[in-house]
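Here's a quick tour of a model with more than a single point of interest. Have a look at it first, and then we'll walk through some of its parts.

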Amino acid sequence: MSKDAVLNRIESVNDFVIRFANVNGTGSASANNMFAKSIFRMGIPVSPKNIFPSNIQGLPTWYEVRVSEKGYVGRRGGIDIVVCVNPQSMAKDIQDVEPGGYFLYDSTKALDLRLMRRDIHFIGIPLTDICRKEYSDPRQRQLFKNVIYVGALAALLDIEFEVLTGLIADQFEGKEKLIAPNVHALELGFHYATENFQCPFGIRVKRCDNVGNAILIDGNTACGLGAIYGGATVAAWYPITPSTSVVDAYEMYAKRLRVCPASGKQNFAIVQAEDELAAIGMVIGANWNGARSFTATSGPGVSLMNEFLGLAYFAEIPAVLIDVQRTGPSTGMPTRTQQSDVFECAYASHGDTKQVCLFPSTPKECFEMTAQSFDLAERLQTPIILLTDLDLGMNDTMSEPLEWDDARAYDRGKVLTSEQLEDASERFGRYLDVDDDGICYRTYPGTHPTKGGFFTRGTSRDEYAVYTEDGAAYVRNMERLLKKWETAKSYVPAPEIINAEHGSNIGIIYFGTTRAAALEAVDHLIEDNIAVDALRIRAFPFNHEVEEFIAQHDTLFVIEQNRDGQMRSLIINECEINPAKLVAVLNYDGMPITARYIQNKVAGYLESANVEPLRRQAGHKAERN
Amino acid sequence: MTYLRPNFRHPDLPTNELGYTKKNYEGSLSTLCAGCGHDSISAAIVQACFELSIEPHKVAKLSGIGCSSKTPTYFLGNSHGFNSVHGRMPSVVTGANMANRDLIYIGVSGDGDTASIGMGQFVHAVRRSLNMTYIVENNGCYGLTKGQDSATADVGSKSKKGDANPFEGIDLAALALQLGASFVARSFSGDKEQLIPLLKAAIKHPGFAFIDVISPCVTFNNNPGSTKSYEFVRDHLQATGTVDFVPMRKEITTSYSAGTSQEVTLHDGSVIHLHKIDDKLDIHNRRSALDLIQEYKSESKILTGLLYMDKEPTDLHETIGTVHKPLRSLQEKELCPGNNVLQNINASFR
């Protein structure tokens, strides 16, 4: 850091964004994770995001950590510190630093003077040199370089050193021989920084107590756990980024928690299918036969599954599908995030179809909604599609701890037993709407020798599952499916509504991972005297509250991470509302949406439209209620 | 024509060991063309299940799309059936089988359903060694869309329009052999003497059992020049021999001449007795079956009968290591680890 710098210095405690620029496949991920987790263990909220290429080794990869004492875990926008260990991306990384920010780099090789900026601070640490002197094995040189810069950051940012050594001890539990060399590497960096720079520098951390009992977990792991707790026994899948780790997590926990103690055999089956068509086919076959079964995929997989999803909708077979969305269309950007499968999922398959979709926002919701999906699928006898995205699925996200009510029983839906069939006086009709809620009774294969057997088919049939091409019978069935759709509204999760203190005539609507950035934007808008009410959609079909919320507001911003405003269009298509009220706020560059972006878009629109965005009078709120 | 089956039943209809008559294994009346080979196969399935004394509801019958895939409606009316999507029966059976390993799974498919649109799923069901009976009702053409050649039509075979098929036909039995199927047979819908014992053996086989049944399409592919017409198949059949399936508990009463007969005892004690015509076939040797298929093909003959059988087949459940209890019967206490465990998991994420 040059002593004579006259420029601005970003000074902050527990509030900054740091980005690591690494080369894919060099072992940087575990060092970067250790950095984020050390801050988390100091009681300071963090939000790490892995920005990685579709590549195994060699291309640039970034790891962005937001530190926010206030607990904002969405992306803020802007970068205060860059740690650059990748010459390939250096020019752009330097450009990305906020004025007054810091650029930490490997100074073994002198910096290209053409890249210098006068408005940021350069911190050079000869990482390669240190490693060359210390280690003879090339792999060690590469791995420990990452640990050394974490050690240097510990000094510069004032991270508690014993927290880091504690993390190393946890990480290498069972491989104790590796602890000492890793701690040594941390010390190398730490000492270099204390000897050469003023530590801590302008940005630093300070222990606080804002994490509570939160956990740091990725959404895919939470979904995998949700499938374990939700009683899934058959998982069929085809590997695809960014969903692969859902089934990986399911398998890891199943091998630990789902092995029959007496026989050592598995209380689950995982089949890696030949493609996504087969994966969903297996899920449908298993659910038809009475097991709870799921698959996980991403947009391209859902495209392939469309025909089967239509069959499951029409033949009324439960299925659980976790769609971890990525950037489309086609192969798109496989390692970037988006919320662009809304249309694809909501109306999946040809003909008149509507599919039940859930939109979790946090790992806790990933866990709960996955478990709930199995109940909903069996209760509603239809596919349930859980739409998460790469951002939530693959990034460690701060979350309330996962909870399970041990008194909870699975809702297996309307299934007739052998005894019920035996006692029935009426002929069993698979598609008879006995309860007038659009949901009929089903039987599992093999239940009774002479009663309850029926033929499942994707062709039109009558109430007794007998093939028919009679138009009236077809229409009766399609109308009943709509009735079931209405029934579904009372089963799916209700939206989360957060009203401004005195209410507002302006609303924002969002779903999924937009939540964190949207809630932060709401806070900043309030600071600018713009009050907004917020509604988070958690399910399709839309609950009645969604329509009411729209009716109660004059202007509504529908914030989403796709180009075409898919959720906005879905609302317009499904609700009796005035489309002109819905203003699209769209971010779809593959990076998670930022609070700054939302704030600027909303404030900018209100300013240019000359809308009086001020707080409602207290009286208005009373009237509304 | 009426589609109502009379309820009349002869009081002296023979019953099987479970006390069921053949009627208990029948389905709805067929809507296929009169004389369709597929109806003979349905009748053979009814007879095989009746003779095996299988409880009808312990069978699940699944199919894809096409004429052949319609047939599960026409047999085993008390069993659950599933007419899924085109070419995807294997995946649906895979899932169903994973859910409940205690049922018997009969998959019915056609040559379009298996050799074209569903080739991928067929191939992978074979290599996973799923415990099922996979029947292809093979007529070399697409019936419901009016007679286009299918991928199993022999090269040079003439369709009703008179055009010779320019493409090599896929031999599904040979393919199944190469992919590692543990039971492979070929038969002819018009030969119930052979087909019924083969079906019985296939159903009892505790692994993937494949039967390719040549089943002429009377409407679109029964013309001169077609190699899947009744006339051509009858004239060119070469059976590997006669097959008897002797269930456990029954004495073997037929006598066979030494040297050309072979007995295979199954896991449950049942015996398959094979009276071979050609002693070049060793039914435990894949290569001998493949060679013989090729040899007869070069003489324009269709080799039928039991071609290969692995006495010790593996099943996907064994490979995966699932519990013996059907997965679908597991309850919360076996499936849900509970909140205490979850709190420990939470702690691992702090």
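## Chain B as a whole

What share of the contacts in chain B with a separation of 6 or more comes from residues 24 or more positions apart? It's 69%, where a contact means two C-beta atoms, placed from the backbone, within 7 Å. Bear in mind that this is a predicted model: local features need pLDDT of at least 70, side-chain atom pairs count only at pLDDT 80 or more, and totals for chains, interfaces and linings use all residues. Residues are numbered from 1 along each chain as its sequence is written, while chains are lettered from A and ligands numbered from 1 in the order in which they are written.

Chain B has twelve helices and 13 strands, taken as DSSP runs numbered from the N terminus (helices H or I, at least four residues; strands E, at least two). Its radius of gyration is 21 Å, close to the 20 Å that the globule rule gives for 350 residues, so chain B is as compact as a globular protein of that length. That radius is taken over C-alpha atoms, and the rule is 2.2 Å times the number of residues to the power 0.38. The C-alpha trace of chain B spans about 75 × 50 × 50 Å along its principal axes. As for burial, 54% of the 350 residues of chain B count as buried (20 or more other C-beta atoms within 10 Å of a residue's own, with C-beta atoms placed from the backbone).

## Where the chains meet

Chain A puts 58 residues into the contact, and chain B puts in 48. On the chain B side, the elements giving two or more residues are β2 (80–83), α3 (89–99), α5 (119–128), α11 (332–335) and α12 (339–347). The top contributor there is α3(B), with eight residues.

There's strand pairing across the chains too (at least two DSSP bridges make a pair). Strand β17 (residues 455–457) of chain A runs parallel to β2(B), joined by three bridges. In one of them, Arg457(A) partners Asn83(B).

## A covered helix in chain A

Over in chain A, helix α16 (residues 514–527) has 14 residues and reaches 20 Å from its first C-alpha to its last, close to the 20 Å expected (1.5 Å times one less than the number of residues). Ten of the 14 residues of α16(A) are buried, among them Arg515(A), Glu520(A) and Leu525(A). The cover includes β19 (506–511), β20 (533–537), β22 (555–560) and α19 (595–608) of chain A. After α16(A) comes Asn529(A), with a positive phi near 70 degrees.

Technical notes:
Buried ≥ 20, exposed ≤ 12 C-beta atoms within 10 Å, placed from the backbone.
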